[in-house]
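Have the sequence and the 3D view open, and follow along topic by topic.

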Amino acid sequence: VPVPWESARAELRGLLTDADRLVRAVAAGRRRGSQPRWVRATLRPVSLKAGTRLQLTTDDGTRPTTRNLAWGGEVESTVDELLAQPFGNWHIDTRDGIVQVRVTKRGEAQIHRESTGSGLPTGVPAARAHDEVPAHILDPGDPLFDVIGGTAAKRRQVDAFLRSLAATLELDGHQAAGSTPSGSETALPSPLRVVDMGCGNAYLTFAAYRFLSTLSTVEVELTGVDMRDDQRRRNTELAHSLGWQDRVRFTAATIARAPLDDPHVVLALHACDTATDEALARAVQAGARWIVAAPCCHHDVARQLRANRPPAAYEILTRHGILRERFADVLTDALRAALLRLHGYRVDVVEFIDSRHTPRNVMLRARRTHAPASPAAREEYDHLVAAWGIRPYLATLLDRR
Ligand SMILES: C[S@@+](CC[C@H](N)C(=O)[O-])C[C@H]1O[C@@H](n2cnc3c(N)ncnc32)[C@H](O)[C@@H]1O
């Protein structure tokens, strides 16, 4: 239900000036008949030598400008200036969740609140260092890394993935690995069975085991699945070197056919093309409670878009090859999210890491709720695939049109 802009403004002001809870905020778009001074404004806490500041980046459409604001009067007056601009939308990530505000044509505010848990376990500060290396979820000095190796870039990617995993499992009450366990009870089952689909050299697999097994009361069993037997052999040797061979195992098989032991959590980081669909389908079929998947390349829907004529009003979207490919990416992941919802999952689609670290930075995070799909959701999905004349591979695997 829309509320007067003034009451939304007061709530936004509180969130944007909260040094302890704000993670990131973006203002963009414009209200009917008006034009904000900037196309986009982004706010996020940063740690500088001088202390924590709120970094404001404004973009007037030609180039971005950045300023670091001191908490207190400077932040408050700048936030007031921003809130006075006629932006159409605000998106705010906080430690507790997401608040989105859209200003309607009538000038009222439509507020959407989502409690996600930010994925920042207790003790991990919201503010990031100025060079944008996020606070680590696993200590970079962990001896694990001496054994499994990996580049700094991979470490950063896996760290970001684990942060999202923590949010999905709602682990905010727990301590990050390496710090003292909080002792609080966990709602996670024990043993917690986790499978990493398309695990490759198992960097994520080992890091996820380390992270999850450090939680206070949880026994973790992790299985890495990859079709390459050389990876299975190598990864199994590493598990032995770490003394984890009883709890971290590897299977050489396709994701579609790998034997699974009723996993609670299914992970997939950059499983190629339709391997992500195989991972999602196996998760749904096994009734996994949580799914965290960052897809890789998307060829399946792109191929179908090339072969089909788009709906009349939308030809412009697929006329240029590069735009068609990008549109296919969006369509693929939107349909994956829709199919998961139709199968009783609550789904978030997020960027789990900045795009400069990997262009494949979209992530589907799903929690099983058993909520029956509404007829409207079914209709929405059916209309979309019918209009574009496509059948996503995930639908084939889940035996849906
Ligand atoms: C891009 S790598 C990602 C590896 C790892 N998850 C990571 O992020 O470092 C994709 C991996 O998926 C495996 N793979 C691709 N398709 C597969 C399938 N259908 N079944 C099992 N493994 C598959 C490949 O062998 C490869 O190791």
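A polar contact is a pair of N or O atoms within 3.5 Å. With that in mind, look at K154: one of its polar side-chain atoms lies 2.8 Å from an oxygen atom of the ligand, so the pair falls within the 3.5 Å cut-off. Please remember that this is a predicted model.

**Around the ligand**

- There are 15 residues around the ligand, and K154, G198, D226, I255 and L269 come nearest.
- I255 takes part through its backbone: a polar backbone atom of I255 is 2.9 Å from a nitrogen atom of the ligand.
- E278 uses its side chain instead, with a polar atom there lying 3.2 Å from a nitrogen atom of the ligand.
- How much of the ligand does the protein bury? Taken alone, the ligand exposes 600 Å², and the protein buries 82% of that.

**Salt bridges**

- Side chains of opposite charge can pair when their charged atoms come close.
- How many salt bridges does a search of the whole structure find? The search finds 16.
- One of them joins R13 and D80, whose closest N and O atoms are 2.6 Å apart.
- R13 belongs to helix α1 (residues 5-16) and D80 to helix α2 (residues 73-84), so this pair ties together parts that are 67 residues apart in sequence.
- R13 is partly exposed, at a relative accessible area of 26%, and D80 is partly exposed as well, at 28%.
- Another salt bridge links the side chains of R336 and D277, with 2.8 Å from N to O.
- Here R336 sits in helix α10 (residues 321-342) and D277 in helix α7 (residues 275-286), so the pair connects parts that are 59 residues apart in sequence.
- Are R336 and D277 buried or exposed? Both R336 and D277 are buried.
- R336 also meets D333 in a salt bridge, again with 2.8 Å from N to O.
- This time both partners, R336 and D333, lie in helix α10, 3 residues apart, which is about one turn of the helix.
- The relative accessible area is 3% for R336 and 7% for D333, so each counts as buried under the 20% cut-off.
- Salt bridges that share partners also join R13, E76 and D80 into one network.

**Cysteines**

- A disulfide is a covalent bond between the sulfur atoms of two cysteines.
- How many disulfides turn up in a search of the whole structure? The search finds 0.
- Take C297 as an example: its nearest cysteine sulfur, that of C296, is 4.2 Å away, and C297 is in no disulfide.
- C297 is buried, with a relative accessible area of 16%.
- C199 counts as buried too, at 9% relative accessibility.

**A threonine in a loop**

- Where is T358 placed? T358 is in the loop between strands β14 (345-351) and β15 (362-368).
- Although T358 is in a loop, it counts as buried, at 6% relative accessibility.
- The side chain of T358 reaches the backbone nitrogen of R360 at 3.0 Å.

Notes
Residues are numbered from 1 along each chain as its sequence is written. This is a predicted model: local features need pLDDT of at least 70, side-chain atom pairs count only at pLDDT 80 or more; totals for chains, interfaces and linings use all residues. Side-chain values use heavy atoms; hydrogens and water are left out. A disulfide is a pair of cysteine sulfur atoms within 2.5 Å. Buried means under 20% relative accessible area, exposed over 50%, partly exposed in between (1.4 Å probe, protein chains only). A residue is near a molecule or strand if one of its heavy atoms lies within 4 Å of it. A polar contact is a pair of N or O atoms within 3.5 Å; within protein, one must be able to donate a hydrogen and the other to accept it, and residues adjacent in sequence count only if both atoms are side-chain atoms. Accessible areas come from the Shrake-Rupley method with a 1.4 Å probe; for residues, only the protein chains shown count as cover. A salt bridge is a side-chain nitrogen of Lys or Arg within 4 Å of a carboxyl oxygen of Asp or Glu. Helices (H or I, at least four residues) and strands (E, at least two) are DSSP runs, numbered from the N terminus.
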